[in-house]
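Subject: Structure handover

Hello,

Here is the structure for you to look through. Please open it first, then read my notes below.

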Protein chains: 2
Amino acid sequence: MSEALAGQAAALDAADELAACRALFALDDDVVYLDGNSLGALPRHVPARMQDVIAREWGQLRIRSWEESGWWTAPERIGDRIAPLVGADRGTVVVGDSTSVNVFKALVGAVRLAGDDRDEILVDASTFPTDGYVAESAARMTGRRIRALAPQEIVGALGPRTAAVLVNHVDYRSGRLNDLPAMTAAIHAAGALAVWDLCHSAGALPVGVGAHGVDFAVGCTYKYLNGGPGSPAYLYVRGDHQARFDTPLPGWNSHEDPFGMRSAYAPGDGAVRGRVGTPDILSMLALESALDVWDGVSIDAVRAKSLALTDFFLECVEAYVPAGRVSSVTPAAHAERGSQVSLSCEKAGEVMRALIERGVVGDYRRPDVLRFGFTPLYVGFADAERAAGELAALLD
Amino acid sequence: MSEALAGQAAALDAADELAACRALFALDDDVVYLDGNSLGALPRHVPARMQDVIAREWGQLRIRSWEESGWWTAPERIGDRIAPLVGADRGTVVVGDSTSVNVFKALVGAVRLAGDDRDEILVDASTFPTDGYVAESAARMTGRRIRALAPQEIVGALGPRTAAVLVNHVDYRSGRLNDLPAMTAAIHAAGALAVWDLCHSAGALPVGVGAHGVDFAVGCTYKYLNGGPGSPAYLYVRGDHQARFDTPLPGWNSHEDPFGMRSAYAPGDGAVRGRVGTPDILSMLALESALDVWDGVSIDAVRAKSLALTDFFLECVEAYVPAGRVSSVTPAAHAERGSQVSLSCEKAGEVMRALIERGVVGDYRRPDVLRFGFTPLYVGFADAERAAGELAALLD
């Protein structure tokens, strides 16, 4: 479309310190994959590892693998692999269940820690819906009420009645990045607890749950962490809350002595308290294997590339797409931007279908949003330029 | 040990209509695997299917697989594969989450259907512990109280305060089969709802949840259903309860229009209402593939072989093991026996370790129980005879 921008893309790709990571992924087709914010691409080494898990660990060792292959301790072990990616201490993250189920654990846990005199849960009104639905249930089952507010209204609404606040770090639809440090500090100043949903930020930018004193956090692992379809989610409970974390789902895996088969519940210490039932080992070990791509990768480098990619994509869209056909829903300010660009567009559903046919895979969110996710480990600047070019060609 | 019993085993194996099923499993070592009641053996065709799921569906189709590979509808589709194995109607079983999480959904759902004037939940005191722990939480969060009773005391304890009853169909420790038809009828006569845990019965004997009017049921899929380590559990909600099933975990997957991304929750119709978050696709599709071994298998034939196997094992134990060294904890009456034999034995932990070294794999449950699970699809009568012989040799 423009030799200048194509040349700029080539130069940026040549200078990209993360460029070599792309070879770690099965991306051999001629597709520009900008949907890693929905389902991360397959790391190339995962199929061989899973063949070993299935054929040898399950098929040959069978029951012995719970101990000999480390299945039993996988939820904490993999939690410790995720911990540095979100700035958490060792022993504070556990993997298992879905994000929705973890939102329930975290929010009920937070409300119980906040005490009975605090009866309000504030939730981000633009949240990914499941968080809102589950928060309603958590409120109903703990005798609290929900107030849904725009993220920018939350700080002003905090008060002595606030028990807990549930916010998305990055909004799934707009790609807006909420100010986790400032909001967490304000929530604490009001005496409440902060529960962050990291689904759209973990693996794309530094989170710093530890540094900012986040109380609870949850996130999925199948987006920027590339764990595979529906791979298990994780729960972070701040170290000094662990001993008082009173889970609403006290399954036997969280017991202090699970094989004691005791009829009275006594919670285990540490991250294990966030476990519930028997973990989905196949999905969990695919995730563990997938996390190998992070070896030696700096999350600050990921963030720098993510911002450069989304900046460059917006620049190409501005240059290529006829004026007035799309407008960015994603904040221009770096401090307010995650790792995706959302463009509002007429007939967005049809446009995305046509774009996918042209080999540019993003997704569509009703009613009018085209989402393009930029996964710094495998998306390059030439990809961004081509995506903008194909979009322009379609809309021209 | 005894030529007569060895000969009898050979004759029974020769006449076994399910004998050919064993070849469907990866059981090529010289091990007698009697722990399929904990982790079912690997069906031989599963690794190739999973390679396709991982390398092609995830690796190549990526996000398109949610639709094109049928990932999105897997929980209901696989539910419909399990339904006939437990005697449920199509559209009443959904797969996902762990058994513990499903106990929570089922018990809270049952209590809410029972109404506010019924404030007691009765639970089987010898239950697998997680059911009891989760029931305590369900009671606490719905303002009910728990009464834990021996299964045989439950019918006598039913009354106008009983909201719901949670019982294990087969006791994990003793292998006792509870009388599902009679107990369910008594629970209904008292105006309460019956929630059955089928972990140790589904795939080993006919359950008949539909025929007996069971209200809710849950079960795991990694024991007699061979779905793989930690494969997702299932939830059964009786058809005429579905429209009023008020789940405590209303995740976005259970919404009537999940991709509408609506901020207000509106539950979908049918089995889908039991879903929560994004399903663990790898574990789920391994389960789906594993269920192929049931094609053409009659669950009545499975039950007949199961009883013959456990009878024969008990006969061999009686014949081989020195008197007084073990005693059966499992009821002798067929109507009260699941598909395992539990033997109480001194130093049971050490004995089981030694038995495993001799190639007979069962498991140990504190304080004194040796468990031997008989999976009719792949365990034969010669296996039972050999297991008893090795046990006798050890204890001699």
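A salt bridge is a side-chain nitrogen of Lys or Arg within 4 Å of a carboxyl oxygen of Asp or Glu. Keep that cut-off in mind for one pair. A:Arg173 forms a salt bridge with A:Asp368. Their closest N and O atoms are 3.4 Å apart. Please note that this is a predicted model.

Next, the domains. Chain A is assigned domain 1 (3–30 + 298–395) and domain 2 (49–294). The C-alpha centres of domain 1 and domain 2 of chain A lie 29 Å apart. Where they meet, 28 residues of domain 1 of chain A are in contact with 18 residues of domain 2 of chain A. About 1800 Å² is buried between domain 1 and domain 2 of chain A. Carbon and sulfur atoms give 60% of that area. The rule finds two salt bridges across this domain interface of chain A.

Now look at A:Lys223. An unreviewed UniProt entry lists A:Lys223 as "modified residue: N6-(pyridoxal phosphate)lysine". A:Lys223 sits in the loop between strand 7 (216–219) and strand 8 (234–237) of chain A. Is A:Lys223 buried or exposed? A:Lys223 is buried, with a relative accessible area of 10%. Leaving out residues up to four places away in sequence, A:Lys223 touches A:Gly36, A:Asn37, A:Ser38, A:Gly40, A:Cys199 and A:His200.

Best wishes

Definitions and conventions. Residues are numbered from 1 along each chain as its sequence is written. Chains are lettered from A and ligands numbered from 1 in the order in which they are written. This is a predicted model: local features need pLDDT of at least 70, side-chain atom pairs count only at pLDDT 80 or more; totals for chains, interfaces and linings use all residues. Side-chain values use heavy atoms; hydrogens and water are left out. UniProt positions are given in the numbering used here, feature names are shortened, and annotations may be inferred rather than shown by experiment. Helices (H or I, at least four residues) and strands (E, at least two) are DSSP runs, numbered from the N terminus. Buried means under 20% relative accessible area, exposed over 50%, partly exposed in between (1.4 Å probe, protein chains only). Contact means heavy atoms within 4.5 Å. Domain bounds come from an automatic or database domain assignment. Buried area is the accessible area (1.4 Å probe) that two parts lose on being put together, summed over both.
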